[in-house]
Amino acid sequence: MLGTAEPVVLVGERAPKLCFGQGENEMSIPIAQPMMGPEEAAAVQAVLASGELAQGRWVREFEETFAAYCGAKFAVATSSGTTALHLALLAHRIGPGDEVITTPFTFVASSNAILYVGATPVFADIDPRTFNIDPTCVEQAITRRTRAIIPVDLFGHPADLPRLRAICEAHNLVLIEDACQAHGACVGEWRAGSTATACFSFYPTKNMTTGEGGIVTTDSGEVADAVRLLRQHGSRQRYIHDVLGFNFRMTNMQAAIGLVQLTKLDGFNARRISNAAFLTDSLKASEVVTPTVRHGVKHVFHQFTIRVSHHRDELQSMLSERGVESRVYYPVPVHKQPLYAAHAPAGASFPEAERAAAEVLSLPVHPSLSDQDLHAIADAVVDTANRFT
Ligand SMILES: *Cc1c(COP(=O)(O)O)cnc(C)c1O
């Protein structure tokens, strides 16, 4: 549109949104905002100049750096968090006839990975305080066919990994941590990605991003090898294919961005944590329930998720009118998804997951929020929530 006065929206700049009655330049506060700087641009330029665009030395360096950050022996990069989960299950030889226990309160990818490998997802209800899978419910769901457990570190709060690991050891099960929302989170001395085979996503809304991308971390050389083989068409030697694999590779451009983002991750997380502390404190003036942080846990606030027991949807639309974007993660638990009608036992009920789906609302908490944004979010929630109580 040459010659028009249309403003150009630069990468990372907020898209202007019209808020009626509040002035036409009012910007809304987005729920997520990837932070890309000149360092990421320069890193991509270096890859472009090298001509090595597909998987190569940047990917290898990113894998080594990410493994070291997590405290895992190996990391293998993939095209997404979803393909990381898919390959992690295959690498652990989980397939048809096997049951895998996971949470019904997550993004559907956690559970779809189980379907991709032909295994059967079995759901276990959540702890209403952390929204994470409840280890007691996991124990009740174990059968002779159970092979693995996939806990999710939902919203950046790690699952109860010490207890889940003990359950896996007692029953000889594989633990695959879905850490797609928990880069840098910790339980005690354990960092996400260091206690089991773990999968991360680098989608733009996550705590660090490569655009699209994922990674599997593990201490098992065998699992790392299998993931490497499977992401590369089952081929160790060019044009010799040992097994049926995939093209689930990451590109050097993505890895170059990831290397820069990883140097910023702790800073991003520190901002998320202090933003969350501000919101938690400010929302004491309202009836909403603010997030729980378990003792000894470093919660990295991928999302700041409140519970609103009544009028959640009205609160969300009133926040939107005040220029505060909020989202319901997740409105429909996995076992209630149409896709899962054939996979979840008829009449299966997970009351805590269902109640959470009806009550949760995630507010902006990302590191690019200004103090003014934070006050605007807190004021909007307090004013609005108090109208309903
Ligand atoms: C984002 C996410 C995934 C999938 O990652 P993609 O990179 O989008 O494929 C899986 N599980 C959870 C919990 C996620 O949040």
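The largest cavity holds about 130 Å³ of space. A cavity is a set of points on a 1 Å grid over the protein atoms alone where a 1.4 Å probe fits but cannot get out. Its volume is the space filled by probe spheres set on the points, which are joined across faces, edges and corners. This is a predicted model: local features need pLDDT of at least 70, side-chain atom pairs count only at pLDDT 80 or more, and totals for chains, interfaces and linings use all residues. Residues are numbered from 1 along each chain as its sequence is written, and side-chain values use heavy atoms, leaving out hydrogens and water.

**Largest cavity**
- Lining residues, those with an atom within 4 Å of a point, number 19 here, and Gln33, Thr205, Lys206, Arg272 and Pro367 are the closest to the centre.
- The lining has nine nonpolar, eight polar and two charged residues. Ala, Val, Leu, Ile, Met, Phe, Trp, Tyr, Cys and Pro count as nonpolar, Asp, Glu, Lys and Arg as charged, and the others, Gly among them, as polar.
- Domain 1 (39-258) and domain 2 (265-388) each supply at least three of the lining residues. These bounds come from an automatic or database domain assignment.

**Second largest cavity**
- By class, four lining residues are nonpolar, six polar and one charged.
- This cavity lies between domain 1 (39-258) and domain 2 (265-388), because both give residues to its lining.

**Ligand site**
- Polar contacts are pairs of N or O atoms within 3.5 Å. A polar backbone atom of Gly81 is 2.8 Å from a ligand oxygen.
- A side-chain N or O atom of Thr82 is 2.5 Å from an oxygen atom of the ligand.
- The protein buries 93% of the 380 Å² that the ligand exposes when taken alone, by the Shrake-Rupley method with a 1.4 Å probe.

Conventions. On a 1 Å grid over the protein atoms alone, a cavity is a set of points where a 1.4 Å probe fits but cannot get out, and a pocket is an open set with protein on both sides within 12 Å along at least five of seven lines; lining residues have an atom within 4 Å of a point. A polar contact is a pair of N or O atoms within 3.5 Å; within protein, one must be able to donate a hydrogen and the other to accept it, and residues adjacent in sequence count only if both atoms are side-chain atoms.
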